[in-house]
Amino acid sequence: KEIADIISKHKVVIVGDFNFPHIDWETHSVKGLDGLEFVKCVQDSFFQQYIEVPTREGAELDLLFGNETGQVAEVWVGEHFGSSDHNTISFNIIMENVRTGSRVEIFDLRKANFEEMRKDLKGVNWDISGKDITEK
């Protein structure tokens with residue numbers, strides 16, 4: 001329930017070894033009871049499963065889910081990684097570039113007039129002894 005609440009409010013991508021060899025992800029059917037609740041959770045969360053080929057010994061055990069259409073692209077299942085008996089999975093996550101409207105001004109100090117700054121700073125009374133520095 002808690003995970004479903006979080007997922008419903010955010011764009012989510014989940015990848016991992018789920019170890020459900022009896023699930024047919026093309027039809028979302030399950031042979032036996034193992035994985036039935038998992039498939040129901042995937043469907044209730046509107047997840048799309050992107051792995052379409054076996055990732056270990058003829059089974060789709062390593063899965064890639066996204067809850068937004070088009071957020072995952074160029075999924076590729078490669079060779080075994082090191083001594084693992086699972087195949088590697090590569091993919092791209094498609095994200096929006098959101099601009100907030102706030103701007104940060106960055107000064108180019110290579111163009112600064114340091115002589116003028118030194119002159120200005122020499123004219124500042126730096127003596128704050130005996131003063132409350134929180135006063136304006």
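In which helix is M117 found? M117 belongs to helix α3, which spans residues 114-122; helices (H or I, at least four residues) and strands (E, at least two) are DSSP runs numbered from the N terminus. The model is predicted, so that local features require pLDDT of at least 70 and side-chain atom pairs pLDDT 80 or more, while totals for chains, interfaces and linings use all residues. Residues are numbered from 1 along each chain as its sequence is written, and side-chain values rest on heavy atoms, with hydrogens and water left out.

Seven aromatic pairs are present in the structure, a pair being rings of Phe, Tyr or Trp (its six-membered ring) with centres within 6.5 Å; planes under 30 degrees apart are stacked, over 60 edge-to-face and the rest tilted. F18 and F38 form a tilted pair, with ring centres 5.3 Å apart and planes at 35°. F18 lies in the loop between β1 (13-17) and β2 (23-24) and F38 in helix α2 (residues 36-44), so this pair ties together parts 20 residues apart in sequence. F18 is partly exposed at 23% relative accessible area, whereas F38, at 19%, is buried; buried denotes under 20%, exposed over 50% and partly exposed the range in between (1.4 Å probe, protein chains only).

The rings of F38 and F65 are edge-to-face, their centres 5.9 Å apart and their planes at 75°. This pair links helix α2 with strand β5 (residues 62-66), the two residues being 27 apart. Both F38 and F65 are buried. One aromatic cluster comprises F18, F20, W25, F38, F47 and F65.
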